Amino acid sequence: MSAIVTKNLSKIYRELGKASVKSLDGLDLTIEKNEVYGFLGRNGAGKTTTIKLLCGLLKPTSGEATVFGESVRTPQARRLIGYLPEQPYFYEYLTPKETIDFYGKLQKLSPAERAHQWDKLSELLDLRDIANQRLKGFSKGMRQRIGFAVALVGNPPLLILDEPMSGLDPIGRRMIRDLIMRCRDEKKTIFFSSHVMSDVEQICDRVSIMVKGKLTHRGRIDQLLAQKTKAVEVIAVGLSEELRTALGGIAQSHRPLDEQDIFNFADEGEANDAVQRIQQGGGRIVQFSPIRESLEDFFLRQQEPTVEEVV
Amino acid sequence: MRILAIAQNTFRESIRDKVLYVLLFFAAVTIFGSKALGWISIGQDIKIVKDIALSATSIFGILIAIFVGTSLIYKEIDKRTLYTILAQPMHRYEFILGKYLGLVALLAVVTVTMALVSSLYILMLGGTLQVTFFLAILLIYGKLLLITAFAVLMSSLTSPILGAIIVFSVAVFGHATEVFRDLPPQFEGTSAKAILEAVYYVVPNLSNFDLAQEAANGIEVSGAYVIWVMAYGLLYTVMLLILAALAFQEKDV
């Protein structure tokens, strides 16, 4: 059974006297168990709407979604989900310990279970020193730690995290990344939205890319990126001035470094032609390396306006 | 347990609301100031103190129910504290009920405090207290249960300001529902008469809960009447809470 399945999931926001906004358009998504799944898109692409639909905070306009086979509209489904909203907010007058206890009560955990949860989570998220301080005045990083702890109350098998690293300093981001990896090692499924590509590239198995409420790409990162070579770098030595100038005119870029000439060609065809000309002209190839797209390049390319939009 | 946890939290939250203390301050000023009116009407001072103390308990109780109640759900959405709560394995009606119970627990504390202060003040002034005075307090609380339920309904439907205006209007007209029934003759045969008559039957008759005159004049009130009014209030309260739960069930947050 898959961890998350959505079928034709759509959400249109309608407000009296305002134009309706289609925030999510026919999303079909399947996320397997024990996957770390990245959900990418710009602000307003429909990521948070999808997450809120999965957590039962919004009602879909059409379509359906299940987690581990349970409809997301039921409390049973929410028992299986640990949710961390973007910029989580909690009652300011509670302490971290009281906050964890409160959410434990909402999950009907016994006092002993709640005490156990606190022991475990306060150690995992380093909350012991701030256990009895009120949340009012806590930094973003501290709130994020508490939010993560709240998501883990009751040990749910699925974590849904909305921009968990947004606005955090490098140490905070590293901590969240490590926590996600740790949860994956504990056989949890993690579905998270982000626009920090480097983080996604490091920890995700598969990703989906959303553009304006529609899913445009999905798959394993290596497969998505293998589809396109950004450029081919050719490094050569012993080139005549004439050949250097000629190749420089064809290449995307050219720069000399010591005795070497470094060329970047747009595709392999151009690069192969250049290699032939270098060898015929008495030069020597030092390196021939295709440069694959990074996830960020790929993501940005998906955001470019289509021909129709430009017109 | 979930409802109780939310109720406890709501109580802790509401008791920190500054509006509560401002209103309590004015309630205390009104109760203690009532003696001044007593001086004007010679020989009537205790009666007037009792009447004003009960009216102040009622009015300031209603204002607290309106101001705290109508922002109860809205504040949770606005401050985004609702997201992680509704994502828990709970029904939405549990949240509504928890919020409601937390606020009526606060109102119980407020009502008892005002009743205690009023009673001590009346005793200090040399007056006596009859059972009717305490029955009047009980019915004020019954009325607050009803108005709070309406405020919670409005809170799950609309903004605090609009909600407060609507609940305040209903509270005012609820004390004079007969104006909708005893219409001047020119309304005869018009559709406005039918609509206003419908309003008469829908808006709860809050003057049923008012025993200030009886308490001030030491007139006995039958237990059956008190039970009937409390049952009347509870019926409205339950209906309003069901509506609030239904409205909140489908709400996007």
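Reader: How many bridges join strand E12 of chain A to E13(A)?
Author: Five, and the two strands run antiparallel. Note that this is a predicted model. E12 covers residues 253–257. His254(A) stands opposite Phe263(A) in E13(A).

Reader: What makes E12(A) and E13(A) count as paired?
Author: Pairing needs at least two bridges between the strands. E12(A) and E13(A) have five, so they count as paired.

Reader: Which other strand pairs with E13(A)?
Author: Strand E11 (residues 229–237) of chain A is joined to E13(A) by six bridges, in the antiparallel sense. Here Ala236(A) is opposite Asp261(A).

Reader: Where does a positive phi occur in the hairpin of E12(A) and E13(A)?
Author: At Asp258(A), with phi near 55°. The hairpin has two residues between the strands.

Reader: Why is Asp126(A) called exposed, and Asn155(A) partly exposed?
Author: Asp126(A) has 12, so it counts as exposed. Asn155(A) has 13, so it counts as partly exposed. Buried would need 20 or more.

Reader: How do you know that strand E8 of chain A is mostly covered?
Author: Six of its six residues, 189–194, are buried. Thr189(A), Phe191(A) and Ser193(A) point one way. Ile190(A), Phe192(A) and Ser194(A) point the other way. Both sets are buried.

Reader: Which strands pair with E8(A) in the parallel sense?
Author: Strand E3 (residues 36–41) of chain A does, over five bridges. Gly38(A) stands opposite Phe192(A) there. Strand E7 (residues 158–162) of chain A also runs parallel to E8(A), with five bridges. Leu158(A) has Thr189(A) as its bridge partner.

Reader: What is the strand order of the open sheet with six strands?
Author: The order is E6-E7-E8-E3-E9-E10 in chain A, with mixed pairing.

Reader: Why are E6 and E10 of chain A placed at the edges?
Author: Strand E6 (81–84) and strand E10 (214–220) each have a single partner strand, so one side of each has no neighbour in the sheet. The twist averages 15° from one strand to the next.

Reader: How do E9(A) and E10(A) run, parallel or antiparallel?
Author: Antiparallel, with six bridges joining them. E9 covers residues 206–211. Ile209(A) has His217(A) as its bridge partner in E10(A).

Reader: Which helix of chain A touches E3, E9 and E10?
Author: Helix H11 (residues 295–303) packs on the sheet there. Its direction makes about 25° with that of E9(A).

Reader: Which strands does H6(A) lie across?
Author: E3, E7 and E8 of chain A. H6(A) runs at about 155° to E8(A). Together, E7(A), H6(A) and E8(A) make a right-handed β-α-β unit.

Reader: Why are helices H5 and H6 of chain A called roughly parallel?
Author: The axes of H5 (residues 140–152) and H6 (residues 170–185) come within 10 Å and cross at roughly 10°. Angles under 35 degrees count as roughly parallel, so H5(A) is roughly parallel to H6(A). Gly141(A), Gln144(A) and Phe148(A) in H5(A) meet Gly172(A), Ile176(A) and Leu179(A) in H6(A). By class, this contact has three nonpolar, three polar and no charged residues.

Reader: How many residues of chain B are in contact with chain A?
Author: 22, and they contact 24 residues of chain A. On the chain B side, H1(B) gives the largest share, five residues. By class, that side has nine nonpolar, five polar and eight charged residues.

Definitions and conventions
Residues numbered from 1 in each chain as written. Chains lettered and ligands numbered in written order. Predicted model: local features only at pLDDT ≥ 70, side-chain atom pairs only at ≥ 80, totals over all residues. Axes fitted to C-alpha atoms, helices over the stretch in contact; angles between N-to-C directions. Helix = DSSP H or I, 4+ residues; strand = E, 2+ residues; numbered from the N terminus. Parallel < 35°, antiparallel > 145°, perpendicular 65-115°, else oblique. Contact = placed C-beta atoms within 7 Å. Nonpolar A, V, L, I, M, F, W, Y, C, P; charged D, E, K, R; others polar. Buried ≥ 20, exposed ≤ 12 C-beta atoms within 10 Å, placed from the backbone. Right-handed = clockwise from strand over helix to strand, strands pointing away.
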